[in-house]
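Student: I would like to learn how to read a few features from a model. Please take them one at a time.

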Amino acid sequence: KIEGGTVAAMTITSLSSGNGTFGGTLGVTGAITASAGLTVAGSNLIYFRDAQIYIRSSADGDLNIVADDEIDLTSTLIDINGNADISGTLGVSGAATFSSTIASAGITSSNGITMSSGNLSLTSTSDGNQAFRYYRADGTLVFQQYPFNNRLYFQMYNNQGLRLMGHGSGQIELEGNVVINEDSNDVDFRVESNNNANLFNIDGG
């Protein structure tokens, strides 16, 4: 039992109660039991293994957990109450469930995004500023969708075409004015029948 005083360096087998001030190194081979709590004053550190793994309070109200390789939190449920600021990459190998709005500068998913309810909304800070994009596995941009100048654009890249297909007895309907080839490109407009590839043909040249 340590009643008080300052110890430059000491190795003990157990510390059950009492007060102690340590100005140097405290090595403990057994357990420390503090029935009234253990206080680390100021911004002093508690080290694990070496100087790169530690816990400290850098300022009043802040707690820092630092490791030079990995911090592993293992439990059946980890509850975070408050905002989470992640400056690196967030990798999720399981399912991610969001009950509120997701505010992001960009979301990338290699395994799809599934919604059981609600809406998937893309909110732009300026007209045409943000888009939904589809990339191949090699990073090649294939398609993007974005609003601009009171229009919704479906834009293909790298010589990719766009096909709208109904299924079975379903049909594709267009309501409102229809403009084809507004940019006056040298392209043809063609309607096929079952036996005639050029039932209705307009030569854009």
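Student: How many bridges join strand S6 to strand S7, and do they run parallel or antiparallel?

Tutor: Before that, note that this is a predicted model, in which local features need pLDDT of at least 70, side-chain atom pairs count only at pLDDT 80 or more, and totals for chains, interfaces and linings use all residues. Residues are numbered from 1 along each chain as its sequence is written, and side-chain values use heavy atoms, with hydrogens and water left out. Strands are DSSP runs of E with at least two residues, helices are runs of H or I with at least four, and both are numbered from the N terminus. Two strands pair if DSSP finds at least two bridges between them. Here S6 (residues 132-135) and S7 (residues 141-148) are antiparallel and joined by four bridges. Tyrosine 135 stands opposite leucine 141 in S7.

Student: What do S6 and S7 form, and how many residues lie between them?

Tutor: They form a hairpin with five residues between the strands. In the turn, glycine 139 has a positive phi of about 90°.

Student: Which residue other than glycine has a phi near 65°?

Tutor: That is asparagine 181, found in the loop between S8 and S9. Asparagine 159 also has a positive phi, of about 60°, although it is not a glycine. Asparagine 159 is in the loop between strand S8 (151-156) and strand S9 (189-191).

Student: Why does asparagine 159 count as exposed?

Tutor: Buried means under 20% relative accessible area, exposed over 50%, and partly exposed in between (1.4 Å probe, protein chains only). Asparagine 159 counts as exposed because its relative accessibility is 84%. Asparagine 181, at 30%, is therefore partly exposed.

Student: How many salt bridges does the structure hold?

Tutor: A salt bridge is a side-chain nitrogen of Lys or Arg within 4 Å of a carboxyl oxygen of Asp or Glu. The structure holds two. In one of them, glutamate 182 meets arginine 151, with the closest N and O atoms 3.3 Å apart. This pair links distant parts of the chain, 31 residues apart: glutamate 182 is in the loop between S8 and S9, and arginine 151 is in strand S8. Arginine 151 has 41% relative accessibility, so it counts as partly exposed.

Student: Which side chain meets glutamate 192 in a salt bridge?

Tutor: The partner is arginine 190, at 2.5 Å from N to O. Arginine 190 is partly exposed because its relative accessible area is 42%.
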